[in-house]
Amino acid sequence: MAVTFYNLSSKAGLGKLDNHLKTRSYITGYQASKDDITVHAALKGAPSSEFINVSRWFNHIEALLRISGVSAEGSGVSVEGFAPVAEESVATPFVTDAKPAAADDDDSDVDLFGEETEEEKKAAEERAAAVKASGKKKESGKSSILLDVKPWDDETDMAKLEETVRSVQMEGLTWGMSKLVAVGYGIKKLQIMMTIVDDLVSIDSLIEDHLTSEPANEYIQSCDIVAFNKI
């Protein structure tokens, strides 16, 4: 017996359809058919989520139309004021107009195994040099230090004292400008600049092991760091 639906644009019509689909997956039978397509087309759009069963069915039919189409005949369902769908619109699945991109004929002209050109050799050498350079240890940081070098008393030969200081030589140590500064009671101290490479020179070791130990301690009584700045 054919099923007829009325005024599917109204809540009453959708309510009847929703009740019909409460225990069914399709309008008629056990597979999608022309009857489902007829009702689907009559809805002219997704129904309100208020009608749960209609929404479930509508989304399912939408998916079928996009993927495989619908070919079963059905029982001849009708919707008031809506003509049955044409045969060709039922069985044909949705397809796109997209076509596979044609292979690029120019690819056949590319020689993947040809001899390396001079430019390619040069580029390879530059890349190798860059990799090698990146593996080198980064240059250590440097520090600029102002040092106070104090004599034992006012009778200390300050020229000899400075000569003793500058005689200390080691990798990463560079002595700079110096001057004598009066302390009081006729005593002067030596202020001298130095630059050190942090990873090579320890300022504590320089003072304790070289400037205030024998033989330098004949002239030098003590040393104090006045300023210490990273370069």
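**Helix packing and salt bridges**

Helix H1 (residues 11-20) packs against helix H3 (residues 52-67) at an angle of about 75°, and their axes are 7 Å apart. H1 is therefore roughly perpendicular to H3. The model is predicted, and the structure holds five salt bridges, among them the pairs Lys11 with Glu50, Lys189 with Asp148 and Glu162 with Arg166.

**Contact of H1 with H3**

- On the H1 side the contact is made by Leu14, Leu17 and Asp18, while H3 contributes Ile52, Asn53 and Val54.
- Sorted by class, the residues in this contact are four nonpolar, one polar and one charged.

**Lys11 and its surroundings**

- Lys11 has its place in helix H1 and is exposed, with a relative accessible area of 59%.
- Leaving aside residues up to four places away in sequence, Lys11 touches Glu50 and Phe51.
- Lys11 forms a salt bridge with Glu50, in which the closest N and O atoms are 3.9 Å apart.
- Because Glu50 lies in the loop between helix H2 (34-43) and H3, whereas Lys11 lies in H1, the pair ties together parts that are 39 residues apart in sequence.
- Glu50 is partly exposed, with a relative accessible area of 49%.

**Two further salt bridges**

- Lys189 and Asp148 meet through their side chains in a salt bridge of 2.7 Å, N to O, which links strand E5 (residues 187-197) with strand E3 (residues 142-151) across 41 residues.
- Both Lys189 and Asp148 are buried.
- Glu162 and Arg166 form a salt bridge whose closest N and O atoms are 3.0 Å apart, and both residues lie in helix H6 (residues 158-166), four residues apart, about one turn of the helix.
- Glu162 is partly exposed at 22% relative accessible area, and Arg166 also counts as partly exposed, at 29% relative accessibility.

Key: Residues are numbered from 1 along each chain as its sequence is written. This is a predicted model: local features need pLDDT of at least 70, side-chain atom pairs count only at pLDDT 80 or more; totals for chains, interfaces and linings use all residues. Side-chain values use heavy atoms; hydrogens and water are left out. Axes are lines fitted to C-alpha atoms, for helices over the stretch in contact, and angles run from 0 to 180 degrees between N-to-C directions. Helices (H or I, at least four residues) and strands (E, at least two) are DSSP runs, numbered from the N terminus. Angles under 35 degrees count as roughly parallel, over 145 as roughly antiparallel, 65 to 115 as roughly perpendicular and the rest as oblique. Contact means heavy atoms within 4.5 Å. Ala, Val, Leu, Ile, Met, Phe, Trp, Tyr, Cys and Pro count as nonpolar, Asp, Glu, Lys and Arg as charged, and the others, Gly among them, as polar. Buried means under 20% relative accessible area, exposed over 50%, partly exposed in between (1.4 Å probe, protein chains only). A salt bridge is a side-chain nitrogen of Lys or Arg within 4 Å of a carboxyl oxygen of Asp or Glu.
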